[in-house]
Amino acid sequence: MRLKRLRLGLLLSGGVVEIQLSYWALQTVAMVVTCYLIPKLKITSPIGPLGMVVALGFINTHYWDAALFFQLPDSVTTNTLLLVGANGVIFWLLVKFLPGIETEGVFPSLIAPVVFTGCSIVINKYGRTID
């Protein structure tokens with residue numbers, strides 16, 4: 001039996017917004033794997049990774065330009081380093097404000113978005129085919 005996508009439709013201002021629960025579950029698993037791969041990043045609550053994924057999704061949806069993510073940089077430029085640094089600062093601020101994930105220092109928070117992106121890509125690619 002294949003894992004079926006659960007969809008929850010919400011009626012908002014005349015339109016239907018679909019929330020794919022399997023996507024958010026896989027993103028939460030990616031956050032848990034990220035916390036286990038980075039030594040100074042700890043999960044202190046089972047709800048922490050889900051809260052972090054929802055908060056990151058909200059911030060990335062509302063404050064970043066979507067066109068920014070349509071292209072991958074082919075070299076390390078100042079713009080690339082600035083984006084990685086800004087993403088790390090956002091991650092660090094969320095860790096400080098939201099309960100459930102703790103960090104020791106700033107460096108684990110700066111590297112966590114890069115590790116989370118890699119984990120998310122791999123888990124989304126192979127997680128959807130799990131029976």
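A residue is termed buried when its relative accessible area is under 20%, exposed when that area is over 50%, and partly exposed in between, with a 1.4 Å probe and protein chains only. The structure described here is a predicted model, in which local features need pLDDT of at least 70 and side-chain atom pairs count only at pLDDT 80 or more, whereas totals for chains, interfaces and linings use all residues. Residues are numbered from 1 along each chain as its sequence is written, and side-chain values use heavy atoms, with hydrogens and water left out.

The protein contains 4 helices and 4 strands, where helices (H or I, at least four residues) and strands (E, at least two) are DSSP runs numbered from the N terminus. Along the sequence these elements follow the pattern β-β-α-β-α-α-β-α. Of the 131 residues, 29% count as buried. Among contacts (heavy atoms within 4.5 Å) with a separation of 6 or more, 64% are accounted for by residues 24 or more positions apart. The protein exposes about 9,100 Å², of which carbon and sulfur atoms supply 69%, the accessible areas coming from the Shrake-Rupley method with a 1.4 Å probe and, for residues, with only the protein chains shown counting as cover.

Helix 3, which comprises the 20 residues 78-97, reaches 28 Å from its first C-alpha to its last, close to the 28 Å expected at 1.5 Å a residue; the expected span is 1.5 Å times one less than the number of residues. Within helix 3, Thr80, Gly88, Ile90, Phe91, Leu94 and Val95 are buried. These residues lie on the same side of helix 3 because they cover an arc of only 160° around the axis, the arc being that of the directions from the helix axis to the C-beta atoms. The buried residues of helix 3 pack against helix 1 (21-37), strand 3 (41-43), helix 2 (48-63), strand 4 (101-103) and helix 4 (107-127). On the face turned away from the buried side, helix 3 carries the exposed residues Thr78, Leu81, Leu82 and Phe97.

In helix 1, the 17 residues should span 24 Å at 1.5 Å a residue, and the end C-alpha atoms are 24 Å apart, in agreement with that value. The buried residues of helix 1 are Ser22, Leu26, Gln27, Thr28, Ala30, Met31, Thr34 and Cys35. Of these, Gln27 has a relative accessibility of 5% and, when residues up to four places away in sequence are not counted, touches Val53, Phe116, Ser120 and Asn124.

A search of the whole structure finds 0 disulfides, a disulfide being taken as a pair of cysteine sulfur atoms within 2.5 Å. Cys35 is in no disulfide, and the nearest cysteine sulfur, that of Cys119, is 9.7 Å away; Cys119 is likewise in no disulfide. Cys35 counts as buried at 3% relative accessibility, and Cys119 is buried with a relative accessible area of 10%.

Thr103 lies in strand 4 and is buried, with a relative accessible area of 10%. A polar atom of the Thr103 side chain lies 3.2 Å from the backbone oxygen of Gly105. With neighbours within four places in sequence left aside, Thr103 is in contact with Lys40, Leu41, Trp92, Val95, Lys96, Pro108 and Ser109. One of these residues, Val95, is itself buried in helix 3.

Technical notes:
A polar contact is a pair of N or O atoms within 3.5 Å; within protein, one must be able to donate a hydrogen and the other to accept it, and residues adjacent in sequence count only if both atoms are side-chain atoms.
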